[in-house]
Amino acid sequence: MRAVTVYRMDYTMKTKYPLGVVLERRKTERVNNYNDLLRLARSTFALDTADANNIIIDVSQARRAYLPEQARDCSVA
């Protein structure tokens, strides 16, 4: 799984504000990976249809692996 950060872009101030993360579960690269992640991010984080144009994702982070920590085994006494 890869974590990709979602940003809201303020084009007047030329700054981007982090909103959250979408997880890419695909193990292989496909044709529409970027478009599908962007569509998921916009449907999750956009306030309305006009705000969807301000939602962007960071493509450079899509290449890093996201490995969650494993839970500690509490069954050992």
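## A tour around helix H1

Start by selecting helix H1: its buried residues (buried means under 20% relative accessible area with a 1.4 Å probe, protein chains only) pack against strand E1 (2-10), strand E2 (15-24) and strand E3 (55-57). Packing here rests on contacts, meaning heavy atoms within 4.5 Å. You are looking at a predicted model, where local features need pLDDT of at least 70, side-chain atom pairs count only at pLDDT 80 or more, and totals for chains, interfaces and linings use all residues. Residues are numbered from 1 along each chain as its sequence is written, and side-chain values use heavy atoms, leaving out hydrogens and water.

Next, colour the whole chain by secondary structure. Helices (H or I, at least four residues) and strands (E, at least two) are DSSP runs, numbered from the N terminus.

Now zoom in on residues 33-45, the 13 residues of H1. From first C-alpha to last, H1 reaches 18 Å, close to the 18 Å expected at 1.5 Å a residue; that expected span is 1.5 Å times one less than the number of residues.

Which residues of H1 are buried? Select Asn33, Leu37, Leu38 and Ala41. They lie on the same side of H1 because they cover an arc of only 125° around the axis, taken from the directions from the helix axis to the C-beta atoms.

Then turn to the other side of H1, where Arg39 and Ser43 are exposed, that is, over 50% relative accessible area.

Finally, show the whole chain again: 26% of its 77 residues are buried.
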